[in-house]
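Biologist: I have a model open and a list of features to read. Where do I begin?
Modeller: Take a look first, and then we go feature by feature.

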Amino acid sequence: MVDRISASEIELKEKVVHITRVAKVLKGGRRFSFNAIVVVGDGHGVVGLGMGKANEVINAINKATDQAKKNLIKVSLVNDTIPHPITSKFGAGYIVMHPASAGTGVIAGGPIRAICEAAGIKDILTKSIRSSNPHNVCKATFEGLRKMMSVENVAKRRGISIQKLFQG
């Protein structure tokens, strides 16, 4: 069982990733509403992703923020980067993330950059392949970070110590 992270216990910063106006066609014309994607994170390995939809932009952002605070995960970081390469897919969105050496920075575009910065990842190489739809790219990135193994788990599965894991 995964321990839930309480949003009230940590200081979270929120970032709006994308806002879209969507239309529903009715007999009397179009009815517009707004779709928002929001990322929250503490900058030290905790990140959450939420999506909200409402008739007003502010309400959509508030709904997305509330959902993001409910979906917090802990990301394993090693020297401000990820411990191992990740590939993840959601819908047509396919992303590749590789650990980077110190000083590289966040080499990522749009939605992936927002999620990595909120999580506190300072050095990473990423590539978004196929779909550029922000919904699919965000969900693929979040799913990849959620399935990422910690350093302790990798060392345990290989049957070696953490120090030996980093020696070669």
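Modeller: Start with contacts. Two residues are in contact when heavy atoms lie within 4.5 Å. Keep in mind that this is a predicted model.

Biologist: What share of the contacts between residues at least 6 apart in sequence joins residues at least 24 apart?
Modeller: In the protein chain that share is 57%.

Biologist: How many helices and strands does the protein chain have?
Modeller: Five helices and eight strands. Read from the N terminus, the order is β-β-β-α-β-β-β-β-α-β-α-α-α. Along the principal axes, the C-alpha atoms fill a box of roughly 70 × 35 × 30 Å.

Biologist: Now a single helix. Why is α2 described as largely enclosed by the rest of the structure?
Modeller: Count its buried residues. Helix α2 spans residues 110–119, and seven of its ten residues are buried, so the rest of the structure largely encloses it.

Biologist: Which residues of α2 are buried?
Modeller: Pro-111, Ile-112, Ala-114, Ile-115, Cys-116, Ala-118 and Ala-119. Look just after α2 as well: Gly-120 has a positive phi of about 95 degrees.

Biologist: How should I read a positive phi?
Modeller: Most residues other than glycine have a negative phi. Asn-79 is a case, with phi near 55 degrees.

Biologist: Where is Asn-79, and is it buried or exposed?
Modeller: Asn-79 sits in the loop between β4 (72–74) and β5 (86–90). Its relative accessibility is 67%, so Asn-79 counts as exposed.

Biologist: What about Arg-130: what is its phi, and which strand holds it?
Modeller: Arg-130 is not a glycine, yet its phi is positive, about 70 degrees. Arg-130 belongs to strand β8, residues 124–130. At 56% relative accessibility, Arg-130 is exposed.

Biologist: Next, ring geometry. How is an aromatic pair described?
Modeller: By the distance between the ring centres and the angle between the planes. Ring centres must lie within 6.5 Å to pair. In this model the count is zero aromatic pairs.

Biologist: Which ring has the charged end of Arg-21 over it?
Modeller: The ring of Phe-32, with the charged end of Arg-21 4.0 Å from its centre.

Biologist: Show me how to read one residue's surroundings. Where is Ile-37, and is it buried or exposed?
Modeller: Ile-37 lies in strand β2, residues 29–41. Its relative accessible area is 1%, so Ile-37 is buried.

Biologist: Which residues does Ile-37 touch, leaving out those up to four places away in sequence?
Modeller: Lys-15, Val-16, Val-17, His-18, Leu-49, Gly-50, Met-51, Pro-134, His-135 and Cys-138.

Biologist: How far apart in space are Ser-8 and Lys-69?
Modeller: 8.9 Å, C-alpha to C-alpha, across 61 residues of sequence. Ser-8 is in the segment before β1. With a relative accessible area of 68%, Ser-8 is exposed.

Biologist: And Ile-58: buried or exposed?
Modeller: Exposed, because its relative accessibility is 57%. Ile-58 lies in helix α1, residues 57–70. The C-alpha atoms of Ile-58 and Ala-36 are 9.2 Å apart, and 22 residues separate the two along the chain.

Methods. Residues numbered from 1 in each chain as written. Predicted model: local features only at pLDDT ≥ 70, side-chain atom pairs only at ≥ 80, totals over all residues. Heavy atoms only, no water. Helix = DSSP H or I, 4+ residues; strand = E, 2+ residues; numbered from the N terminus. Buried < 20%, exposed > 50% of the residue type's maximum accessible area, 1.4 Å probe, protein only. Phe/Tyr/Trp six-rings, centres within 6.5 Å; stacked < 30°, edge-to-face > 60°. Lys NZ or Arg CZ within 6 Å of the ring centre and 35° of its normal.
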